[in-house]
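Dear colleague,

Please find below the structure that I am handing over to you.

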Amino acid sequence: HLNGTACQIGDANQLLVHAVADRTTTLQYVPRLREFLVWLAEREAAIGQLDWTDLDAALADFLAAACYHERRHVSYGRTLMAAVGHVFPALCAESSLPLARRAMLSWSRLGQDRQGTGFSPETWGAIILTMLRASQVEAAVLVALCVDTYLRGADWAKLRWGDVSISRSAGVTHVALALGIRERGETAKTGHSQGVVISRPWVASLLLWWGRRLRLQARDRLFSMTRAQFLTAWTSTLAD
């Protein structure tokens, strides 16, 4: 129960609870916050009762311990700060938690984000070709589509054939994808009713070939493989 989202009625405000995607809350925010609260309980056992006025200093100390002693990545601290702000919205203001925010700023300067580096079109082509040679056609179509449109796993896993829009102008075929379909209770990273246009004509042609090859209907999922299966195909292809 997210007590920090309780309003005057004394119960959780559902709009505040679901301001963040449920998977993010349950799989990222809650575990991080639980680790901090366990550490906080151990700290209380050592130095005595803590109250809300001690939260800022305690959070700053926890961030320092995570950085220097546990050698955590800077993303760990960012997730924790986001979790605190989500569960306790009153602490979202810039004036709140000044010590913890300053500690997080320092950690951000020290830490290097492990962002994936870009790869060349030749590498992209080699990955797709290797998948095709291994008869992993679906994975190859996915790689082509995801690189062109910057789709996340949460996006492509929900796509249906009916989400693909086709238009033609001046003899050119344009293909777009609808994301975060509100009527299905879905959301993309940027909200409901989003979309993206495929930039490269050959990727658009490949996707249309894929849908027609399978004779998909509007409600059929565009891809049958799971995210775990795709990761396995991706990993094995990189090894090859």
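How much space lies in the largest pocket? The answer is about 740 Å³. Before the details, please note that this is a predicted model, in which local features need pLDDT of at least 70 and side-chain atom pairs count only at pLDDT 80 or more, while totals for chains, interfaces and linings use all residues. Residues are numbered from 1 along each chain as its sequence is written, and side-chain values use heavy atoms, with hydrogens and water left out.

**Pockets**

A pocket here is an open set of points, on a 1 Å grid over the protein atoms alone, where a 1.4 Å probe fits and with protein on both sides within 12 Å along at least five of seven lines; lining residues have an atom within 4 Å of a point. Its volume is the space filled by probe spheres set on the points, which are joined across faces, edges and corners.

The lining of the largest pocket comprises 18 residues, and A21, R23, T24, R152 and T187 are those nearest its centre. Two or more lining residues come from each of α2 (22-47) and α8; α2 gives the most, with 5 residues. Helices are DSSP runs (H or I, at least four residues), numbered from the N terminus. By class, this lining holds 6 nonpolar, 6 polar and 6 charged residues. Ala, Val, Leu, Ile, Met, Phe, Trp, Tyr, Cys and Pro count as nonpolar, Asp, Glu, Lys and Arg as charged, and the others, Gly among them, as polar.

The second largest pocket has a volume of about 370 Å³. Of the 16 residues that line this second pocket, F119, V143, C146, V147 and W234 lie nearest its centre. The elements giving two or more residues to its lining are α6, α7 (137-149), α8 and α10, and α10 gives the most, with 4 residues. The lining of the second largest pocket has 11 nonpolar, 3 polar and 2 charged residues.

**Aromatic rings**

The whole structure contains 10 aromatic pairs. Rings of Phe, Tyr and Trp (its six-membered ring) pair if their centres lie within 6.5 Å; planes under 30 degrees apart count as stacked, over 60 as edge-to-face and the rest as tilted.

One of the pairs is W124 with W202, which is tilted, at 5.3 Å centre to centre and 50 degrees between the planes. This pair links distant parts of the chain, with W124 in helix α6 (residues 121-133) and W202 in helix α9 (residues 201-213), 78 residues apart. W124 is buried at 6% relative accessible area, whereas W202 is partly exposed at 43%. Buried means under 20% relative accessible area, exposed over 50%, and partly exposed in between (1.4 Å probe, protein chains only).

W156 and F230 form an edge-to-face pair, because their ring centres are 5.7 Å apart and their planes stand at 70 degrees. W156 lies in helix α8 (residues 153-156) and F230 in helix α10 (residues 227-239), 74 residues apart. W156 is buried at 3%, and F230 is buried at 14%. Ring pairs also link W156, W209, W210, F223, F230 and W234 into a cluster.

**Cysteines**

The count of disulfides (pairs of cysteine sulfur atoms within 2.5 Å) comes to 0. C67 is buried, at 12% relative accessibility, and C146 is buried at 14%.

Yours sincerely
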